[in-house]
Every structure is written in structure tokens, then in C-alpha cells.
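User: Hi! I would like to learn how to read a few backbone and packing features in a model. Could you walk me through some?

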Amino acid sequence: MKVVLENLTKKFPGRTRKDPGVTAVNNFNIEIPDGKLIGLLGPSGCGKSTALNLLSGLLAPTSGKIYFGDEDVTDLQPEKRGIGLVFQNYALYPHLTVIENILFPLENLKGEEKLSRDQMMKRAMEAAKLVQIEMLLNRKPKELSGGQQQRVAIARALVKMPRLLLLDEPLSNLDARLRLQTREEISRIQKETGITTIFVTHDQEEAMSISDQIIVMKDGVIQQIGAPQEVYDDPKNLFVAEFLGTPQINTFEGEVKDGKLYIGNEAVLNVRNVNDQKVYVAVRPEAFIPDPEGPLSCAFKALEVMGRDTSVVFTSKFSERKALRAIIGADVKVEPKDGVVRFRLRSPKTEIFNRETSERVYYEEA
Amino acid sequence: MMEKRDLKGWLYLLPAMLFLGVFMVYPLIDVFIYSFEEEFNFASQSFTGYGWDNYRFVLRDPFFMRAVRNTFILVIITVPLSTGIALLISLGLSSIKVVRSLFQTLYFLPYVTNTLAVGLVFMILFKRTPVSEGLVNVLINWFGGESVDFITGPYWAKMLVMCIYTIWVVMPFKILILTGALASVNEDYYKAAKMDGTSRGRTFRKITLPMISPMIFYLVITGFIGAFKAYSDAVALFGTNLNAAEMNTIVGYVYDVLYTEGGGYPSYASAAAIILFVIVLTITVINLLVSRKHVHY
């Protein structure tokens, strides 16, 4: 089922007369395709959980419409929307066993939807099998590890056969190893069931790694929507460029003048079809090529050897960042002279953004 | 190393242990021994031997049996009622947002109000005086009923007043505990239940109640124990001669055989106290057994 948001806005009123309140979700217009895994990504407090709550119906929007398929669900009660929601803390009922937790939503069904005990058991077992917890059915939630609790929560959300599955920060309560495992697990379950799934996260790596599409948000406003690689390679503004990717993209203050891109007095690239203006130059760590004759000079700080590749740590007068990073192959030699390291820049991974608007400025390499 | 640390620990415990030993443990043991000393003479501090005589006497004493009956009626009526009403009020309190703290304060007032003041209020409500019938009787009359003498009248009327009084006095603490317990239930459980279309009744039965069950259990246990120990409430309402008023309680009986006129029988008092202890113990054990199935920690 596809999900369409139309001018969706949620404002929280201020507590006092002077407090203007917060617009947590500002004029969302999205069409989420059927059967895809969508990552809703943004820093803490950007309104992504609010967006999720609007979809689930736990919050009512200030204005705008939500469509599930062709059905307008804006004013529909949460339970009528056919949504499975997995909470950040899982919200498993602690006094019920795993199987009782999974059965709980089915026992609520009334009227025509009402199931016999056998049917319920069958559905619950199917859900349990899908998330591979068949052997834990009689345990209480507190006897499970974080990852297992997560699976139970997903099973409980799936057992109703929802049209849409929502996951709120699904991996934030897990340790690093489980996180890797679980995100593959979520991806697998999504593919097996084919349910349109939206998950919220502040971790860009998480979102990039499993999403079919990511939606990047900031301060209640959608910044960019697209396939992860597409958004990474072609960020629309400085925020998106800086938010995606580890290590972070390196930002310098620079200027376009007479067909050349300058950082300070150093012309780092020849550019075409772009007006003269002050810009931010954002360079992906992999776009630096160490070159003793290179145009860009930076103050060398350290080399961090990571086996497969090496990261060069340096600073620049033209960047506010305390440490800039270049990732280079382990076999490439770096020879700083008098504490200065010089680079050439690869143009496809070097983006420029207007200094005032922070919007992307497209250029061609000359 | 270990031993030295052990010693230090005991040293820190010493003041409390001394205090408890002198004022709690020793008297307890003493009461137990007293209860078996037959034909104990208070003046000469002598007795004829050990046996069940005191228990036999107490259990055959009609005043004691009346006290037991009163106490049981009081317990059976007030514990479930006060807990239930407190739960309803707490649910109400936690579902309103406006003027909630005002109501919370109002409901908590009895807890901090002087017993004498409370007694006075009940007098105004229930007691007949030459100038007034009492507020409740005024109301009864207004609805066309006949006046009832609540303080010196029929047994059921006196028991009614006693129960209302007890419930009213124990309620604030229960409301306090239960509103706290309700507030501590994570909001996400309710959201999850809402997403699943759980009805309000089922949410209450299947989520709220199990989540606050340890607190309810605590209130029931302490409620039982408190009600079995009832005495001062009866005195506040019906004066010190509770036997004459037919409103004596077990603790009242213990006091009577010890101190009132015709008293001075520590052996009988001890036996009665031990019987009370056995009753409370039995009820508590039953409570614990029941709770194993229904209380979720």
C-alpha cells in the first residue's frame, strides 16, 4: 500500500504567550511507494517521531491529509488504520509471556474479524516463526535479550497483518553488534512480508544501509528524498551533505572566481558554467588525493592507520572544523613537509554550496 | 579482613538492634510466655503452671467473641471497599488534567487532619444532640426516611458509622500510593494498546491492573493488618466503654482485660494478643499465596 502525505503539518502550541511553539512537521508532501523500506532520518528533535505519530494516528495533524492507498485516513482512529507500530523501548507487556504478547492484538478483534483460538494461535506462530523466536514463546520479556525483545515487538506488530509497519528508532537500544544483526533482520522481514515499512532513526549509517529510500529531515522540514546512494552522491544542500557519511564531509569556506574554485588563495579546481560567488566547499574524505604538488595545503595533525585504509587528520584556516579527515588507500604515501600536507581534489566528490543559502551550486569541471 | 568488616557492620547495627531488642523482641517473647502462665497473680507475680487455660478462657469469653466478630466485619467490609474506592478515585485523578492538584490535596486532607477534629466532623454528621438530629439524619428525613440513632442506636447503624469512618481515614494514603503507581506506568503501554484497538475495560484489566498489582497487594496486606488492629477509631466514635456499646474490637478487648475496671489479667490479654497475631499471620499467608498468581513484579 502506498502512503501519501499532503501538506501535512503539526504545530505544538507554546506554553506561554511569548512562546510561539514548535512546528514539528512542516508541510510534508511525500508519496511513499508500496512495499518499500523507508528510512526517516534526521538529528534529534527534528520532528521525525512526530511524523511517525501522525502516521500512526496517535497524534492528530494541525493541517494536511494522510492517504493510505486511496483512502483518506487523516481522521481515522489509530486502531482502524491497520498499522503495526514498534516502539523505541518495545513496550512489551512485562507481565505477559512472549506468546501472550503476540496474541494480545488478535484478542482485541471484534465482530466479523473475530478469530477462533486456533486461528489466533496459528497467526501468532506464523509471526513468531517469521522473526525466529519460536523457542522463546513461554518466556517473559525481562528474560529476553534486547534483540529478542525487539523481535517479539515486531512479531506483535506484524500479527495483525498491518498495511503499514512503523518502527521508532528500532536499533537505538541495542549494542553495536546486535545493531548490525538486527538491521539485516528488519530488512529481511520487510522483504519477506512486503509490507510498506517506515522506520525512524537519527543514525545515518543505519538508514543508508537498509533503506530503499531515505527521507532526510531537519527542523520539521524535509530536506531531501531519494535512494541512499543518490542522496549521498547528490546532496541538495549543505545540511544533507554534512549529515550523511562517516567520517563527515569536510567543509571549507571558499569562493568561485573567474572559472576557478578557491579555498583561500589556492585554486583547487577549474570550474565551468557557474557564477562568481562565495561558497562552502564540501569535500568527501575519499576525494582527497595526497600530492606534494597539489593545490590545497593543510596543517597536518596525525595519521590514523585502520588497516584497509588510512585516515589523514588535518586542519585548515578556512574550516571551522577542529579536525578534517581524508581517507586514502593504505598503500598511498603521505609525506607532510614542515607540518603541511598537500592534496588534489577529485571533482565528483567535491560539492559546492552557496554561502548564504547553503543550497547546492552545480558546476562542471573544466 | 572479612571478619573485621563484619564486626564493623554489627557495630553500626547495634543501636537499632538494642532498641528493637528491648522494646520489640523482648516484649513479644514475654507476651508469648505470659499467655501460657496459668492463674497468674499480678500482685504476687506468681502462677501455678503452664497450659492452655488462658486461651480456653478467652475463647469462651462472650466479650472476646463479640470483639472478634466486630473486627472481622470491619475488616471484610472496609479493606476491599477502601481499596476499590481509592482505585476509582485515583483513576479519576489521573485522567483529569485541570484542577488535579486541588483534588489531590482535598483527598489527602484526612491524612493530615487531627483525629479529634475528624471525630468532631463525624459527630456533626451522625450524632443526635438536643439541638440537632445530625446532618445525615437531616438528609434521611429530607428524603422521607426516619431518623436513626447512629451512635447509641442499633448495631448495624453503629457498624455502618464505624466502617464509613475507617474507610474515610485510610483512604488518603491509598489514593496517594495508587496515583503514584498509576503515574509510573509507562505511557507507551497505553499507546501500544491503543494501536491494537484494545477496549478501555480490557486495557484496565490486562495492562493497568497487573502493572500496579504490587502496590494494590501492598495496600491490601497493610489494610488487613491495620483493620485488625482497629481500636482508637472505635473509641473516638463510641467512647471508652466499648463493651457496653457492643462495638469492642480485639485490640480493645486486650486493653480492657489489662487496664479497665475488672481488668488486671495480663495472661488473658496476652492470650488474646497471640490469637490476634495468629489470625493476622494466617490472613497474610493466604494473601501471599493468592498474590503469587496475580501480582506481577
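Predicted model: local features only at pLDDT ≥ 70, side-chain atom pairs only at ≥ 80, totals over all residues.

User: Now sheets, please. What is the order of the strands in the open sheet of chain A?

Analyst: The general idea is that strands of a sheet pair through backbone hydrogen bonds, either parallel or antiparallel. In chain A, the open sheet of 4 strands has the order E2-E1-E4-E5, and its pairing is antiparallel. Strand E2 (22-32) and strand E5 (71-72) of chain A are at the edges with a single partner strand each, so one side of each has no neighbour in the sheet.

User: How many bridges link E1(A) and E4(A), and what lies across the sheet strands?

Analyst: Strand E1 (residues 3-12) and strand E4 (residues 63-68) of chain A pair in the antiparallel sense over 5 bridges. Lying across E1, E2 and E4 of chain A is helix H1 (residues 48-56), which runs at about 60° to E2(A).

User: How do I read a helix pair? At what angle do H2(A) and H4(A) cross?

Analyst: Take the axis approach, the crossing angle and the handedness, then look at the residues. Helix H2 (residues 98-107) of chain A and H4(A) have axes that come within 7 Å and cross at roughly 25°. H2(A) is therefore roughly parallel to H4(A), and the crossing is right-handed. H2(A) brings Val98(A), Asn101(A), Ile102(A), Phe104(A) and Pro105(A) to the contact, while H4(A) brings Val152(A), Ala155(A) and Arg156(A). By class, these residues are 6 nonpolar, 1 polar and 1 charged.

User: And in chain B, are H11(B) and H12(B) roughly parallel or antiparallel?

Analyst: The axes of helix H11 (residues 250-259) and helix H12 (residues 266-294) of chain B cross at roughly 165° and come within 8 Å. The two helices are therefore roughly antiparallel, and their crossing is left-handed. From H11(B), Ile250(B), Tyr253(B), Val254(B), Val257(B) and Leu258(B) meet Pro266(B), Tyr268(B), Ala269(B), Ala272(B), Ala273(B) and Leu276(B) of H12(B). This contact has 11 nonpolar residues, with no polar and no charged ones.

User: Last one: how many residues of chain B are in contact with chain A?

Analyst: In the interface, 14 residues of chain B are in contact with 15 residues of chain A. On the chain B side, helix H8 (187-195) and helix H9 (200-228) each supply at least two residues. H8(B) gives the largest share, 6 residues. By class, the side of chain B that touches chain A has 5 nonpolar, 4 polar and 5 charged residues.

Technical notes:
Residues numbered from 1 in each chain as written. Chains lettered and ligands numbered in written order. Axes fitted to C-alpha atoms, helices over the stretch in contact; angles between N-to-C directions. Parallel < 35°, antiparallel > 145°, perpendicular 65-115°, else oblique. Left-handed = near helix turned anticlockwise from the far one by under 90°. Contact = placed C-beta atoms within 7 Å. Nonpolar A, V, L, I, M, F, W, Y, C, P; charged D, E, K, R; others polar. Pairing = 2+ DSSP bridges.
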